[in-house]
Amino acid sequence: MKNSFVPKNAIVPKGINTEMYNVRMLTVNDLIKDYDAVMSSTNHLKGVFGPNDDWPTGLTIEENLIDLGWHQKEFEIKSSFAFTVMSTDESKCLGCIYINPTSKLSFDAETILWIRESEALTGLDANLFATVKKWIKTDWWFTKVAFPGREITWENWERLP
């Protein structure tokens with residue numbers, strides 16, 4: 001089966017290590033730390049996937065485990081890529097990054113990222129966003145990546161063909 005999202009001989013980047021955090025594939029083994037990051041940030045995260053999305057309202061740990069398993073499987077089959085953002089000592093999940101196929105004709109992929117609420121005033125969001133943009137430009141095969149909710153408003157994103 002041909003997957004146009006990932007070219008045949010493409011090598012999927014494993015992640016990024018910086019002085020502030022490590023970015024690596026999100027797996028079921030991250031359940032407790034991921035769930036803590038999400039549940040400690042529920043108000044902060046509302047709307048991260050669009051204004052009509054109510055995630056993570058009502059999210060149970062079991063549902064989060066299913067989500068993480070789904071993300072891990074999608075990564076393994078190269079249909080989309082979910083990364084966790086961990087503290088450098090791996091003790092705390094700081095956020096997540098999702099690189100997904102898009103239905104929008106003018107883009108190759110769409111990327112959503114979030115950080116936990118406790119990191120909102122530390123500069124992590126701006127640093128992570130800049131790092132991810134550079135990483136995608138230098139290490140991935142995409143030519144035009146959208147960052148809905150960041151570089152394009154959700155309203156304008158929804159209007160795109």
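Where is the place of aspartate 30? I found aspartate 30 in the loop between strand S2 (22-25) and H1; helices (H or I, at least four residues) and strands (E, at least two) are DSSP runs, numbered from the N terminus.

I noted that this is a predicted model, in which local features need pLDDT of at least 70 and side-chain atom pairs count only at pLDDT 80 or more, while totals for chains, interfaces and linings use all residues. Residues are numbered from 1 along each chain as its sequence is written, and side-chain values use heavy atoms, with hydrogens and water left out.

I looked up the burial of aspartate 30: its relative accessible area is 3%, and it is buried (under 20% relative accessible area, 1.4 Å probe, protein chains only). Not counting residues up to four places away in sequence, aspartate 30 touches Arg24, Met25, Leu68, Thr84 and Met86 (contact means heavy atoms within 4.5 Å).

I turned to helix H1 (residues 31-39), whose buried residues are Leu31, Asp34, Tyr35, Ala37 and Val38. They lie on the same side of H1, because they cover an arc of only 160° around the axis (taken from the directions from the helix axis to the C-beta atoms). These residues pack against helix H2 (42-45), helix H3 (61-76), strand S4 (93-100) and strand S5 (109-115).

Methods
Buried means under 20% relative accessible area, exposed over 50%, partly exposed in between (1.4 Å probe, protein chains only).
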